[in-house]
Amino acid sequence: MTGQPRRLPVGGRVDRTSPISFTFDGRTYQGLRGDTLASALLANGVYVVARSFKFGRPRGVVGSGAEEPNAIVQLGTGADALPNQRATQVELYDGLVGASSAAHGLRGLIDAARRVLPAGFYYKMLMAPPILWRFWEQVLRRGAGLGTVPQGADPDRYDKLNRHCDVMVVGAGAAGLAAALVAARSGARVVVADEQDAFGGSLLASALHIDNRPAAEWVVDAVSELRTFEDVVMLPRSTVVGLYDHNFLTVLERCADHGPSTSGAAARERLHRVRAKEVVLAAGAIERPLVFANNDLPGVMLASAVSCYVNRYGVAPGERLVLATTNDAGYRTALDWQRAGREVVAVADSRADPSGALPRAARDAGIRVLRSHGVVEAVGHAHVRAARVASLNTAGDALTSTARRINCDLIACSGGWNPAVHLSSQTGTRPVWSDEAVGFVAGQRRGLHCAGAVTGAATVAECLGQGAAAGASAARAAGFATDETEPLATDEAPLDAQQALFVIPHSRRTSRAPPQFVDLQLDVTAADIELAAREGYESVEHAKRYTALGFGTDQGKLGNVNGIAILASALGREIGEVGTTMFRPAYTPATFGAIAGRDVGDLFDPERHTPMHVWHEAQGAVWEDVGRWKRPRYYPKPGEDMDAAVARECIVARTGVAMMDASTLGKIDVQGPDAARFLDRIYAGGFLRLGVGRCRYGVMLKDDGMIFDDGVTVRLDDERYLVHTTTGNAEAVLAWLELWRQTEWPDLDVYLTSVTDHWATMAVVGPKAREVLGRVCSDIDLGADAFPFMACREGHVAGVRARVLRISFSGELSFEVNVAAGQAVAVWEALMAAGSADGITPYGTETMHVLRAEKGYIIVGQDTDGSMTPHDMGLDWAVRHGKRHGFVGERSLALADYQRADRLQLVGLRTVEPATVIPEGAQIVADVYRMRSGRVPMRGFVTSGYYSATLKRSIALAMLKGGRGRLGETVHCPLDNGNVLAAEVVDPVFYDPDGERQNA
Amino acid sequence: MLLLQCPHCLEARSEEEFDYAGEAHIQRPATDVSDAEWADYLYFRSNPQGRHCEMWVHTAGCRRYFNVVRDTVSYDVLAVYPIGERERESLVGKPPP
């Protein structure tokens, strides 16, 4: 046991036979299997484990579990690093490397800085000149002490899995185990999760007997019985971090964190997504520290934590103990300490007459009990050397004697218990103050059954009883019958009433006394909270944000209730009236690795590929993401940049023949006797008289009259249409059509099916398109008269059944060939081969954009943003008023605002400098000469800007106020580089305004 | 995360399968109403603290829209019923249109 001066010779759940070694802040120590990093550090006499957030004060281990605010450590190095871990929950393993997260704390800012960093510091700095904030931000960020992010890709593997159960038991202490037993015996599917490596909760550190056996033995029996049930899942090392609506829970299981990285051989952590019919919340309680001067000194600990280190880990973190308590339960620590062979110097009990069984036992054991006393101040520099103790009045809010000094090296404090209401409040259920429990207890919610300390229960017997009752009520609510269970007897002493006391007053007033810390992690003091109250922050939510109380990674597990009590006292209100702030997921910090699971890299977001994807890839296509689709943007030849490739593709499409993969366009098959009537009401244009085998462009409006989508619709048969949508809007359009069909016009007999993935579409474009297509298509007459523009024909292309549409988004002669997706590659390759003699060239979305902009065709979502009517976009020709049932959005088009002459309207822009392209998003200003004043009215903005190789100049589409009345005027676009581009307002159709080429 | 029972598929499924589709029982007025009345239909929705009638669509299931009465405080689902049924609207103390 060399090198572990604080290790007790016997006792605890640790294995003394083979010590293991670990490293902390560069020094090597020995610990035992069964230790946590915190217990091992304490065993080695390492008391200072961190520097505080704001003031750089030395801090030591305070707690023994999830509540620990100080011992926040970083584990591992490089890509394996895991920041923000509580040393009290880190299981020790051989070779563990840990480091204090706050090693880079504000060492320069000594305690004197406290007066310049008062409550509301951040707010006050933000109100100061911004230049000052820049300075403070540098200082504060460096000192934030929250560790460093891992360097490099995480080599570990993380899993996610779904679970369904009847009863989810959160916490496997006395209450949780009792509940799980009853629920499991009823036949319910049960999941039990506990954050510790072993089940039993506080019973693991208890000297009690349950049912005439040591508590630990009862735990072993309960766990083995639970393991016999096939439908019971036991999850140790699993923290329920989130409880969401309708009993959806997230459980973070640490599968391999208690050993070195397996580099992906085994899952490091697993996130269980549990949907439970009923939840038993047996999350326990966290002991409440007392607030007194210098209570942050290393050597001031929670009483329950001291007991835990003694009983569970065989570690005595000191020699001479002073216990400060307001209740009977704290006396257990004095007795445990004495049993461990250490000296209890004194117990300072705030109550006037502590006469319960435990205080009596302490006195009988020869322990000096000071009644009506409190520890007003801890004395020492880097560690406790003494406690100043004074007598208190009955209410505990004033001293009745001067303080005297009692030498000691450990102060254990117990100010009562805070039920762990965090999970229950995550779904919005407010915790409720209980005068009896002196704490906030979980509020009532359907499907949630609280049991044990979380309800304020103080004794193990109560916890066992409540657990059995909650397990039974949960099982019954989930539809299972339960048997009566016998109550279990314990040998614990009954507890007398505790005193509701949170702060031990000092002889000096709070603002002048040494700091009385409330939130240790964020260095919030009682004086800060009183200051917040004085400055008018009366709501607990405001005071929290002003002082940063509870803002740390511990979410104020120790400090919140004390802070609320201080605020209530400063405001002269009851604690229940002031209320508590809410807790959010996660209960303890969860790693991004576990949240992401396998959804990383290629699996992060599914990609959609067209049937010709591999062909495009082989041609070296550069991709553009459109929704989830990967679309070729352009196909660069060696040495070409995007501009060069696009210019080449455009020229070929306008002079020869080119081909584009248009498979991503949304396609909806509309069938039924009322299909025509349905589309006539949905589209702004008329669709009743569209002939079979004919196509029509349509715009779809939302009911507010704004353009929602556009595309070409084909009438395939009397009762069958094919609707094309834009690529990104396909799902939204289908949902929109279904909404109208199902809710507004259920009388219409019509059915909608998405066929986007069933068909592949290839657009054969250019003056030579007819010739090339003709080489592989013999059963369709492609002649201009036999197959006119906006017609549809069926036949075979390259021997494959095909539907060919003579439609054009390029303004050229164009045939869109649709074939079944599975046969698309063969047809695509046949067309490429057929056109090879004519130099057929594949083109991508960038060329498509240029070609359509030359023709003034809009792209919904690029040239429109949900605030444009058909009239704004010059699409009045696609609107037909006077239809029998009207169309969606028609009434809105008559609204007064829609008639304004100064609405934004689509125009074309020709830059005065033909070579300069106006960037998309550029603003159009009215008066370039007034720009220096910094205030100049906006006239509109540019939505599309390209260089047109065909026109040998730059072109742009823009939305301009009253634009169609400004043709010929010059407008100016100031750019962020300081240049101002001048451009002439023109008609948006730059090329072939009469459509002779597409009609050819 | 909500657990919703689609009235057509008759099985409780996770919210991930559904999309919210706005307040239910909004009557689309005839087109001869005033601009103000039309704007009221377009833009104004109730925002109650408590029972709220709303539409959901079973996007990853049967793709059908249906009505839900949900408590906006507790998120309890109080009723689920097909489009076209109106009697349960009385739950929110609003007379059927």
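The exercises below, each with a worked solution, concern strand pairing, helix packing and aromatic contacts in a predicted model.

**Exercise 1. Determine the strand order of the five-strand open sheet of chain A, and state which strands stand at its edges.**

Step 1. The order is β2-β1-β7-β5-β6 (chain A), and the pairing is mixed.

Step 2. β2 and β6 (82–86) of chain A each have a single partner strand, so they stand at the edges and one side of each is left without a neighbour in the sheet.

Step 3. On average, neighbouring strands of this sheet are turned by 40° against each other, direction ignored.

**Exercise 2. Describe the pairing of β1(A) with β2(A) and with β7(A).**

Step 1. Strand β1 (residues 15–24) of chain A runs antiparallel to strand β2 (residues 27–33) of chain A, and six bridges join them.

Step 2. With strand β7 (residues 97–100) of chain A, β1(A) pairs in the parallel sense over two bridges.

**Exercise 3. Classify the packing of α4(A) against α5(A), then that of α17(A) against α22(A).**

Step 1. Helix α4 (residues 174–185) and helix α5 (residues 215–227) of chain A pack at about 30°, with their axes 10 Å apart.

Step 2. Angles under 35 degrees count as roughly parallel, and α4(A) and α5(A) are therefore roughly parallel to each other. Their crossing is left-handed.

Step 3. The contact residues of α4(A) include Leu177(A), Ala178(A) and Leu181(A); among those they meet in α5(A) as a group are Trp218(A), Val219(A) and Leu226(A).

Step 4. For helix α17 (residues 642–655) and helix α22 (residues 845–854) of chain A, the angle is about 55° and the axes are 9 Å apart.

Step 5. α17(A) and α22(A) are therefore oblique to each other, and the crossing is right-handed.

Step 6. On the α17(A) side the contact residues include Met642(A), Val646(A) and Cys650(A), while the α22(A) side includes Val850(A) and Leu851(A).

**Exercise 4. Identify the aromatic cluster that contains Phe678(A), and locate Lys702(A) relative to the rings of Phe708(A) and Trp736(A).**

Step 1. A pair of aromatic rings is described by the distance of the centres and the angle of the planes.

Step 2. A search of the whole structure finds 19 aromatic pairs over all chains.

Step 3. Phe678(A), Phe708(A), Trp736(A), Trp740(A) and Trp745(A) are linked into a cluster by ring pairs.

Step 4. Lys702(A) lies over the face of Phe708(A), 4.5 Å from the ring centre. Lys702(A) also lies over the face of Trp736(A), at 4.6 Å from the ring centre.

How values were computed
Residues numbered from 1 in each chain as written. Chains lettered and ligands numbered in written order. Predicted model: local features only at pLDDT ≥ 70, side-chain atom pairs only at ≥ 80, totals over all residues. Heavy atoms only, no water. Phe/Tyr/Trp six-rings, centres within 6.5 Å; stacked < 30°, edge-to-face > 60°. Lys NZ or Arg CZ within 6 Å of the ring centre and 35° of its normal. Axes fitted to C-alpha atoms, helices over the stretch in contact; angles between N-to-C directions. Helix = DSSP H or I, 4+ residues; strand = E, 2+ residues; numbered from the N terminus. Parallel < 35°, antiparallel > 145°, perpendicular 65-115°, else oblique. Left-handed = near helix turned anticlockwise from the far one by under 90°. Contact = heavy atoms within 4.5 Å. Pairing = 2+ DSSP bridges.
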